[in-house]
Amino acid sequence: MIKTVDKDGDMRVDLNEFSALMRPEMQNRLLEQDERIEDFRAMFKDADTDYSGYLSADEVYTCLLRNGIDLTYEELLDLMAEFDVGGDAQLDIDEFVALMNTSSDLAFNSEGAKNTYLKIRMNNRLQVTDFMKALKNLPSAFVPSVFHQKW
């Protein structure tokens, strides 16, 4: 593997060679991240039933339940308090995207909020559409027949 990356033949991978190797992967990850953020923004707009530009706890709760996330209203209130920067008991679009997109190593003030957040993160792992995106560029001989039959 080093030989394929080592352009100057010194049997070491320098910063430029490593950067050239990693650039495509990092670009793909950034594009995927942009897609996820846009998905969360669309989810916010769909959940904002009163078109206020903010999500009340009721709107967030309905949105999460509709997306298959099983949590209590009290768990949601505890979690919202962690992300509600404005302290107004509602989430703006940036707070909602942060709630849905933050890494799992975030420091929480409440253990209950952390557990609720991890429950949401686990629910948002792999979905059928994730597999479809991953398989769309493969030759059809490599894609399982079930994907062709159902989609």
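Select R41. Residues are numbered from 1 along each chain as its sequence is written, and side-chain values use heavy atoms, with hydrogens and water left out.

R41 and D94 form a salt bridge (side-chain nitrogen of Lys or Arg within 4 Å of a carboxyl oxygen of Asp or Glu). Their closest N and O atoms are 3.5 Å apart. R41 sits in helix α2 (residues 15-47) and D94 in helix α5 (residues 93-101), 53 residues apart. Helices (H or I, at least four residues) and strands (E, at least two) are DSSP runs, numbered from the N terminus.

Next, pick R66 and D46. Their side chains meet in a salt bridge, 3.7 Å from N to O. R66 lies in helix α3 (residues 57-66) and D46 in α2, so the pair ties together parts 20 residues apart in sequence. The count is two salt bridges.

Finish with confidence. Colour by pLDDT (the predictor's confidence in each residue, from 0 to 100). The protein averages 77, and 74% of the residues score at least 70. Over residues 146-151 the pLDDT is below 50. Where pLDDT is low, the predicted coordinates should not be read in detail.

Terms used: This is a predicted model: local features need pLDDT of at least 70, side-chain atom pairs count only at pLDDT 80 or more; totals for chains, interfaces and linings use all residues. Contact means heavy atoms within 4.5 Å.
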